[in-house]
Amino acid sequence: MSPILDSTTFNASWDALKVLENWTENGIAPDHPVVTDTFGVPGRTRPLCDYPGWPKYRGSGDVDRADSFVCAAP
């Protein structure tokens, strides 16, 4: 029996060490980072927002793509 995927679960996958390494060693600052889901809906993406912000759906577009979201303030 296969496990049931829960579309409300989002397991963010983001290589923070690689981003930090690129910034410090190559001068490439992070610009609008995106995280990818590795469990609930594999391949689904969301923008990585500065705390306490959160990804808010724009109201149109693919709900599984980060570009359909904007970082919102609480």
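Okay, let's start with Pro52, which sits in the loop between β3 and β4 (54–57); strands here are DSSP E runs of at least two residues, numbered from the N terminus. The peptide bond from Tyr51 to Pro52 is cis, with omega near 10°.

Quick housekeeping. This is a predicted model, where local features need pLDDT of at least 70 and side-chain atom pairs count only at pLDDT 80 or more, while totals for chains, interfaces and linings use all residues. Numbering runs from 1 along each chain as its sequence is written, and side-chain values use heavy atoms, with hydrogens and water left out.

Now, which strands pair with β2? Strand β1 (residues 12–13) does, antiparallel over 2 bridges, and so does β3 (residues 45–47), antiparallel over 3 bridges. For pairing, DSSP has to find at least two bridges between the strands. Ser13 stands opposite Thr36 of β2, and Val35 has Arg46 in β3 as its bridge partner.

On to the faces of β2, residues 34–37: Val35 and Asp37 make up the covered one, Val34 and Thr36 the uncovered one. In a regular strand, side chains alternate between the two faces of the sheet.

A pocket here is an open set of points on a 1 Å grid over the protein atoms alone, where a 1.4 Å probe fits, with protein on both sides within 12 Å along at least five of seven lines; lining residues have an atom within 4 Å of a point. Among the lining residues are His32, Val34, Cys49 and Cys71.

Methods: Buried < 20%, exposed > 50% of the residue type's maximum accessible area, 1.4 Å probe, protein only. Helix = DSSP H or I, 4+ residues; strand = E, 2+ residues; numbered from the N terminus.
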